[in-house]
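User: I have some questions about how the terms are applied to this model. Please set each value against its cut-off.

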Amino acid sequence: MGLFEQLYDQFVEFSSHTPAQRYLRLLDRYPWITEIASYGDIASYLNISPSASKN
């Protein structure tokens with residue numbers, strides 16, 4: 001799979017999920033992420049507000 005296809009698939013997957021789904025999916029893939037990144041950084045990466053990530 002080429003780079004364009006990977007980026008397009010990632011965009012489609014990202015835009016078709018709710019913020020909560022994106023957060024849970026990230027935790028499923030990288031369960032240690034909260035040990036190395038702040039919730040604010042994670043929220044920024046997921047394009048959600050930090051307050052929404054606390055719910």
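User: Why is V12 called partly exposed?

Analyst: V12 has a relative accessible area of 35%. Buried means under 20%, exposed over 50%, and partly exposed in between (1.4 Å probe, protein chains only), so V12 is partly exposed. This is a predicted model, where local features need pLDDT of at least 70, side-chain atom pairs count only at pLDDT 80 or more, and totals for chains, interfaces and linings use all residues. Residues are numbered from 1 along each chain as its sequence is written, and side-chain values use heavy atoms, with hydrogens and water left out.

User: Where is V12 placed?

Analyst: V12 lies in helix 1, residues 3–15. A helix here is a DSSP run of H or I with at least four residues, numbered from the N terminus.

User: Which residues make the nonpolar surface patch?

Analyst: F4, Y8, F11 and V12 make a patch of about 460 Å². Nonpolar side chains are joined within 5 Å. The areas come from the Shrake-Rupley method with a 1.4 Å probe.

User: How many residues does helix 2 give to the lining of the largest pocket?

Analyst: Helix 2 gives five residues, the largest share of that lining.

User: How much of the protein is buried?

Analyst: Buried residues make up 16% of the 55 residues.

User: What is the secondary structure of the protein?

Analyst: The protein has five helices and zero strands, in the pattern α-α-α-α-α along the sequence.

Conventions: Patch = residues over 30% accessible without salt bridge, like charges linked within 9 Å, V, L, I, M, F, W, Y side chains within 5 Å. Salt bridge = Lys/Arg side-chain N within 4 Å of Asp/Glu carboxyl O. Helix = DSSP H or I, 4+ residues; strand = E, 2+ residues; numbered from the N terminus.
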